[in-house]
Amino acid sequence: MSEFVKNALNQLNDLGYKYTQRRADMLAVFDQDINHFKSAKDVQQAMKKDHPNISFDTIYRNLRLFTDYDLLEENEIDGEMVFRQHCDPILGHHHHFVCNHCGKTVPVRLGDLSYYSQQLPGYEINGHSFQLFGLCPDCLAESKQQS
């Protein structure tokens, strides 16, 4: 069991949530590839072998639990909620470039909110969301070869 999964399960236990093998296995799905977002369908597919009867309700309920406690972060891509392991806190505040083809994510630093506050005098900004979308170098090269 990876450090991420152990720490996440310990955090959940400290909050009063029971250890379940399904939760451990679901967290492990996100630990296998931390640079890509995964949909609930991706999670169900990855867990199908060991948990063939796991329902979308169970998956979504746990994904919500994991995001509520900052174990996972969520994003919306093409109208679908997708999830990935929460970024390393050492990175500090940042955003992501997300590949439209493979879902690879790369952290991107942008300026602080003071610029936007100056553009909106008299307004109070209490949150924001910002992502860049496009093709990663591998997918871009692949699309050029297919052309």
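Predicted model: local features only at pLDDT ≥ 70, side-chain atom pairs only at ≥ 80, totals over all residues.
In soluble globular proteins, nonpolar side chains tend to be buried together. Here the largest nonpolar core comprises 21 residues, and Met 26, Leu 63 and Phe 66 have the most contacts inside it. Helix H1 (3–14), helix H2 (21–32), helix H3 (40–47) and helix H4 (56–68) are the elements that each supply two or more residues to this core. Leu 63 shows how parts of the chain come together: with neighbours within four places in sequence set aside, Leu 63 is in contact with Met 26, Phe 30, Ala 40, Leu 72 and Phe 83. Another core, of five residues, lies apart from the largest one; among its members are Phe 97, Val 108, Cys 136 and Cys 139.

The sheet comes next. Three strands make up an open sheet with antiparallel pairing, in the order E1-E3-E2. Strand E1 (38–39) and strand E2 (72–77) are the edge strands; each has a single partner strand, so one side of each lacks a neighbour in the sheet. Between E2 and strand E3 (residues 80–85), the antiparallel pairing runs over six bridges. Ile 77 has Glu 80 in E3 as its bridge partner.

On the surface, a nonpolar patch is formed by Leu 110, Phe 130 and Leu 132, which together have about 220 Å² of accessible area. Phe 130 sits in the loop that lies between helix H5 (114–119) and strand E6 (131–134). Its relative accessible area is 34%. Since a residue counts as buried under 20% and as exposed over 50%, Phe 130 is classed as partly exposed.

Definitions and conventions:
Residues numbered from 1 in each chain as written. Heavy atoms only, no water. Patch = residues over 30% accessible without salt bridge, like charges linked within 9 Å, V, L, I, M, F, W, Y side chains within 5 Å. Areas by Shrake-Rupley, 256 points an atom, 1.4 Å probe, with all protein chains shown as cover. Salt bridge = Lys/Arg side-chain N within 4 Å of Asp/Glu carboxyl O. Helix = DSSP H or I, 4+ residues; strand = E, 2+ residues; numbered from the N terminus. Buried < 20%, exposed > 50% of the residue type's maximum accessible area, 1.4 Å probe, protein only. Pairing = 2+ DSSP bridges. Core = buried A, V, L, I, M, F, W, Y, C linked by side-chain atoms within 4.5 Å. Contact = heavy atoms within 4.5 Å.
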